[in-house]
Structure formats: C-alpha cells, structure tokens
Amino acid sequence: MTAVPTATYRLQLQPSFPFSAAASAVPYLAELGISHLHLSPVLEAVPGSTHGYDVVDHARVREELGGEDALRALAHTAWQHGLGLVVDIVPNHMAMSPRHNHALWEVLREGPKSPYARWFDIDWAAQGGQLLLPVLGGPLGDVLGQLVVDGDVLRYHEHAFPLRAGTADLPLPELLDAQWYRPAWWRLARTELNYRRFFSISELIGVRVEDPEVFEATHGKILQLLHEGVVDGLRIDHPDGLADPDGYLARLREATGGRWTVVEKILADSERLPAGWPVAGTTGYDALRQVDGLFTDPAGAGELLGRYRRFAAPQTDRGGDWAATVRRAAYKVLTHELAAETDRLTRVATRVCATSPDPALRDRAPWALRTALQELLVRMRVYRPYASGDVAAVVTERAAEEARLAFVVPEEGGAVDVVRGLLLAGDGPGAAEFRTRFAQTASALRAKSVEDTAFYRYVPLLSATEVGGDPGTPGGSPDAFHAYCARVQRDWPLTGTVVTTHDTKRSADVRAALAVLTECPERWADVLTEVTRDGEGVPDAQLAWAAWQTVFGLGPAEPGRVEEALLKHVREAGLYTSWTEQEPPYEEAVASFVAAGPCGPPGERVVAFRASLAAHVRANVLGTALVHLTMPGVPDVYQGTEGEYRALVDPDNRRPVAFPPAHPGEKDAVTAAALRLRARRPAAFGDTATYAPLPAEGPAAAHCLSFARSGEVVTAVTRLSLRLAAAGGWRDTVLPLPPGRWADVLAPGREFTGHARVAELFEALPVALLERVGAGD
C-alpha cells in the first residue's frame with residue numbers, strides 16, 4: 001500500500017451500506033486496481049442520514065455504520081488487500097439538531113457563556129441575544145399550543161430543546177422570553193436568522209474551526225485515526241465556507257504530518273487554486289470540466305442555444321443568456337434565500353464605517369452600503385477571495401464601475417468605493433470581520449445562484465450545467481485540454497480528478513450521451529418538433545426542453561426517477577415553484593406532462609433516437625472514462641461507475657450499487673485495464689511523471705485526442721465521432737507514436753510501432769491504451 005493514492009474509489013456510506021458492507025466489497029475493489037477506498041463522512045451524524053454531512057459528534061465514529069471497531073476492521077481488511085482509506089471530513093458545519101448535537105444543546109441551555117458557544121458562528125447581538133430556531137410550522141401565535149414543557153425540556157413535535165435553569169414553571173410566553181433561543185416560524189430563516197449556516201440550509205450550523213480550541217475538539221478523532229494508521233488521507237468538504245481557509249489548511253497540514261489531502265474547491269474557468277495552499281489539489285471538478293469539453297462540439301452547442309431560444313420564445317426570461325441568467329439568479333438569492341446573511345454583512349460594514357476616523361466612511365447610510373455590497377457580490381465570477389490571493393483580481397474595478405451605475409443618485413455610488421476599499425485594505429475595528437463575512441457570503445451566493453439556480457434555468461445543453469462548469473462556453477479543444485494537463489502535472493500532480501460524484505447533477509455517462517446532441521443539433525430539433533407537435537400539456541417550454549434532454553441522456557428508465565429529477569429541477573429553478581413556496585397546480589401539471597410525454601410514447605421516440613446514436617454515445621462514454629483514468633492527477637471512481645452508470649441528481653445518484661456488477665461490459669474492462677496499468681506503472685502517473693500531447697496527422701486528426709505519460713503509456717480516444725463519420729471517417733489519419741514497441745492493453749496480442757493507422761488503432765474500440773513493451777526496431 002502506498003501513502004499517496006494512485007486511484008481512489010468513492011463509497012457512499014449509510015445505514016443500509018455500513019462499514020461491513022464496504023469490507024465485503026474490498027476483494028472486488030482491490031482486484032479492480034485502486035489503491036484506496038474513499039469513504040463519505042464517518043463521524044456521528046443525525047440518525048438515519050444517508051450522506052453523513054450532518055455531523056453531530058466529532059469525537060465518535062458513527063454507530064449506525066458499525067462504530068469505530070467496524071471502521072478499524074474495514075481498515076484492516078483493506079490493508080490485507082493492499083488498500084488504504086481516504087475519508088471525507090466536514091469542518092464547515094454541524095447539524096442544527098439540538099437533541100443529537102450535545103455541543104449545541106449546551107449552548108441553548110447556557111447561552112453565550114457556555115464553553116461550547118465559541119464553537120458556533122452566532123450573532124448574539126441580533127434577536128435580543130437569543131438564537132433564532134426556525135423550526136415552527138407557522139407563526140408562534142398559531143402553534144403556541146403545540147409547544148410542551150416536559151420536565152427540563154421544551155418539546156415541539158420531534159424537536160426538543162433544553163430549558164434554562166429555573167424557567168420550567170413559568171407561563172409559556174414568559175418561558176420563551178427567558179431562554180437563550182427563540183423558536184420561530186421556519187419562514188423567518190430568510191430574514192431573521194442569526195447564525196451562519198451551510199449555504200441557505202438552516203438545518204446545518206456553521207462551525208468556527210478558526211478557533212484553535214474548536215479545531216482541536218472537532219478534529220481529534222480524525223487525527224487519532226490518521227496517526228494510528230486507520231486512515232491515510234483526507235477530502236475536505238466545502239473549505240470556502242470557512243472564515244480562514246488558508247489558516248485552516250496550514251493548521252491541518254501540521255496536525256496530519258502532511259498526509260495526502262484534497263479540497264472540494266470549485267474553480268472558475270480562469271481561476272487557479274491558491275499556490276500556497278498546503279494540499280495535493282482539488283477534489284477534481286476542474287478536471288471534469290476539461291474532460292467534458294473534449295466531447296462537446298462548440299459550434300454545435302452554439303446552434304443548440306439558438307434553437308433553444310426559438311423553442312422557448314416568447315419566454316424571454318427562461319435562460320437564453322448565461323450571464324444574464326446568473327445575474328438574475330444572484331439578485332434573487334441575495335434578496336431571498338440569503339437575505340439574513342446580507343443583513344448581517346451590512347451591519348458589519350455599517351459598524352466599521354461608523355467607527356472610522358474618515359468622515360467619508362462615517363457618513364455612509366446602511367441602505368447605500370447594502371446596495372453596494374449586493375452590486376459587487378452579484379458581479380463576482382469566482383466563489384470568494386482569499387487571504388493569500390489578490391482581492392483586487394476578484395473584486396475588480398470593472399465590477400465596481402458597473403456597480404456604481406445601480407445608484408440613481410451618482411454621489412451615492414461612492415458607497416461602492418467604500419466597500420471595495422474595505423475589502424482591499426481596510427483597517428480598524430471590524431475590518432477583518434467584514435472581509436471574512438464578505439468572503440463567506442460570496443461563496444454561499446455563488447453556490448446557490450449558479451449551482452442551485454442558474455444551472456436549472458439555463459438548459460440549452462444540460463451536460464454543461466455541471467458543478468465547476470461554465471455553460472456559457474460549454475465546448476473545449478484538445479489544445480486547451482493539453483495546456484490544462486501540462487499545468488496540473490507541473491503544479492498539482494497529485495490533485496484529485498473526477499467525472500462523477502455524489503454531487504454531480506448527471507453522471508458522466510449521461511453527460512456523455514447529451515454531448516452527442518452538439519454534433520446533431522438539427523436532428524435533435526426535428527425530434528423535438530415531432531414529440532411536441534401540438535404542445536398539449538406542456539407547462540412551459542424551458543421545462544419541456546430540459547425534460548426531453550433528461551430522457552435522452554438517461555435512456556430507458558423507471559418513470560419515477562425522471563419525475564423526481566424534474567420536480568427537483570423546477571423547484572431549484574424557482575421560476576414557477578420552489579422548495580419553500582410550492583405551487584401545487586404547477587407541480588401537478590409537471591407530473592402530468594412527464595407521465596404523458598417524456599415517460600410516455602413521445603419519450604419512447606426520444607429513447608429510440610438515442611439508440612440510433614448508440615455508437616457515438618459509446619465513443620464518448622469510453623473516451624471520458626479512459627481520459628479521466630490516465631490524465632494527470634489521482635482519479636476518483638464513484639461507486640458503480642466502473643461500468644455503465646446512468647444517474648441523475650441526488651438522491652438518484654446515491655442508489656445502492658452491486659459489488660461486483662452482475663453483467664460487466666466494455667466500460668468495466670476499460671476501467672479495470674487502466675486502473676491496473678496505473679498500479680503496475682505508478683511512476684508513469686505520479687508526481688514525477690511527464691505529460692506530452694501526441695497530435696495525430698491526416699484528414700481526421702482533430703478527432704483523435706492522444707497523449708503520452710512518461711514515455712511509457714499512450715492514451716488515444718475518439719472525439720466528436722458523429723462529425724467524424726459524416727466527414728468520411730479516419731481515412732489516412734495516423735498517430736505518430738514515441739519510439740518503441742507498444743502493446744494494446746485493451747486488446748492483448750496487438751502491437752504498434754512508428755506511425756499507427758488510427759483506423760486500425762480503433763478497430764475494436766473507439767479508444768486505445770498502449771503500454772511500451774520494448775525498444776522496437
């Protein structure tokens with residue numbers, strides 16, 4: 001077993017798939033060729049949790065998974081088969097569940113004087129010194145009779161809260177006033193919440209790991225498991241929510257002794273991971289974007305956009321322009337889901353200005369500061385600024401110029417310069433807190449407005465609306481991919497790479513199928529004309545376009561899976577219904593449309609069209625898998641994706657999988673061959689490896705993407721195969737190989753030297769994996 005993974009395999013642990021089930025899968029996974037199991041969070045979580053990110057106790061391994069003994073047994077079984085463990089940890093938040101979260105229970109009982117109060121990011125100055133608990137089903141006056149005092153506990157249905165000492169005998173209204181918390185209607189979370197949470201999820205409360213004591217308390221068990229050899233590496237969930245990601249990662253590296261660690265950092269297209277971060281790299285969404293781009297035709301994507309705009313007309317606000325869609329979504333999120341966070345940030349900015357010796361700052365009205373903050377936040381193109389980065393490159397002067405135009409009175413636009421000045425070089429009381437709050441709000445805004453809203457409104461090509469993606473420029477080029485790989489090999493050679501995760505909105509195989517539509521936009525338009533001829537029962541054109549693409553990408557599937565995904569789609573989009581303000585008539589219309597259309601006879605026509613393109617879907621599926629497994633970085637294989645894996649957004653992508661698969665096919669064979677080659681030749685893929693593009697020559701050269709690793713391994717895949725077929729196939733295209741004899745790993749017995757004819761190279765499969773076996777002639 002190596003300390004640094006050569007390849008990891010992600011397992012979603014839950015009560016129905018505990019540590020013992022993972023141990024049973026170890027022999028199969030070891031044979032597959034991975035080096036480490038990658039486990040979802042293993043610490044104590046809310047009972048019944050299917051994901052584990054709602055941690056309630058950092059000091060205990062989750063009993064529902066088997067407890068610490070079962071985790072250690074899994075590690076021992078893995079070690080016996082030459083495997084290690086990488087685990088997911090959640091430093092940013094805990095579950096807002098007092099009856100399970102002991103630390104939070106003590107805070108509710110004792111208030112800000114509790115030794116646990118420093119754990120949580122609570123604004124005690126707001127709400128009269130009470131922590132708002134948005135748990136009631138209606139206004140307090142309407143549900144007061146449902147609150148019950150039970151000894152020293154206050155109960156509301158399944159919720160339980162501790163009573164402050166000496167308050168149990170008070171009349172209920174007085175009792176509520178006497179507590180350190182205030183139960184409130186869940187809708188008030190939008191405007192009155194006074195604790196930091198995970199994005200806009202009120203059930204997850206932010207943790208202050210920037211405090212050294214809190215860091216020690218929340219990381220002690222994981223560090224023990226690391227130091228005792230039970231765990232070998234870490235995946236860090238959502239570092240962007242932390243007050244000080246730079247400081248946290250430095251402290252973590254010192255505490256772990258430099259163990260392999262990757263961070264779930266979502267990078268914008270032109271953004272780079274902070275060079276000073278002491279980590280191996282990201283969890284791999286930047287790689288996902290690059291790989292997907294290889295199999296997406298930019299010209300065809302542009303034509304799809306044009307056809308979508310005509311299809312959705314006259315609904316002009318239905319995601320026909322990416323930048324405008326993101327901007328509108330950001331305004332909506334700031335003024336609705338994140339209104340409380342915006343208020344808190346405004347209060348901090350107002351306080352900083354009020355205590356400044358500069359009259360130009362002291363005179364700024366809170367409303368002007370709020371407007372300036374909103375206008376700057378919605379114009380940020382990355383998740384957040386960092387202490388180690390250039391804030392001016394994140395909060396740009398161009399953004400400031402645009403933000404000033406939002407003020408009706410030009411003189412008030414000076415508030416933009418005040419805010420930007422505080423971010424760039426502000427000092428004095430509260431300035432550091434302001435910068436921290438701004439960064440944390442920015443990251444929540446980006447996640448909610450882009451990933452959770454705009455991606456569901458901008459639907460010309462669903463495969464481009466993926467975590468870390470840029471739907472405005474969905475296609476890529478071989479040159480861009482090679483440049484990315486060369487940079488990764490140079491700067492972050494042990495970074496993580498992924499193409500499917502527990503958070504992807506569609507699995508890699510679904511996206512690979514959807515990418516084929518960029519090669520035949522006119523044929524897709526004809527199919528849509530056929531299945532939507534009369535338009536009867538279509539709630540809106542945006543949904544219809546997304547629904548038909550969903551069916552195409554997924555292929556034959558149970559209707560319930562499609563309906564569940566599309567219901568989530570319309571609620572996330574928030575155009576006609578939402579999670580918090582559901583519109584039953586519209587949702588019923590969606591369900592009726594899905595049943596009669598996408599899951600009815602018209603949907604069968606779309607599935608038949610997909611079947612007619614099966615050869616090209618196959619090329620994309622196998623090409624995506626092989627590139628991912630052999631490009632620079634450490635590939636993470638999501639559970640079940642070694643074989644064909646068609647899944648939609650969670651919970652669909654978290655369904656149980658079988659080990660080993662019942663009917664392994666071509667993708668299983670390609671995956672196993674690539675992983676075993678990585679295990680056999682670690683030096684060809686590790687931190688000292690090299691990466692070199694191998695350009696093909698001839699009339700169809702643009703359709704062959706190839707590269708060499710350390711002069712020992714060659715990967716070659718077919719891209720845009722439908723366009724290739726329409727242009728006449730490979731013809732005389734050749735691939736000049738590096739010196740030596742090259743054995744075909746995917747088809748034993750075949751060897752190549754010199755200039756290999758691409759048509760022969762791809763005779764059996766649309767991909768090839770070659771291993772250098774001799775010096776040649």
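Okay, one term before we start: a polar contact is a pair of N or O atoms within 3.5 Å, where, within protein, one must be able to donate a hydrogen and the other to accept it, and residues adjacent in sequence count only if both atoms are side-chain atoms. Here's a case: the side chain of Thr261 reaches the backbone oxygen of Arg259 at 3.0 Å.

Now, what we have is a predicted model, where local features need pLDDT of at least 70 and side-chain atom pairs count only at pLDDT 80 or more, while totals for chains, interfaces and linings use all residues. Numbering runs from 1 along each chain as its sequence is written, and side-chain values use heavy atoms, with hydrogens and water left out.

Back to Thr261. You'll find Thr261 in strand β15, residues 260-263 (strands are DSSP runs of E, at least two residues, and helices runs of H or I, at least four, numbered from the N terminus). Is Thr261 buried or exposed? Buried, at a relative accessible area of 5%; the cut-off is under 20%, using a 1.4 Å probe and protein chains only. Setting aside neighbours within four places in sequence, Thr261 is in contact (heavy atoms within 4.5 Å) with Leu234, Ile236, Leu252, Val279, Ala280 and Gly281. And Leu494, 233 residues away in sequence, sits 9.4 Å from Thr261, C-alpha to C-alpha.

On to a helix pair. Arg523, Trp524, Val527, Glu530 and Val531 in α21 meet Pro602, Arg605, Val606, Phe609 and Ser612 in α25. Those contact residues split into 6 nonpolar, 1 polar and 3 charged (Ala, Val, Leu, Ile, Met, Phe, Trp, Tyr, Cys and Pro count as nonpolar, Asp, Glu, Lys and Arg as charged, and the others, Gly among them, as polar).

How values were computed. Buried means under 20% relative accessible area, exposed over 50%, partly exposed in between (1.4 Å probe, protein chains only).
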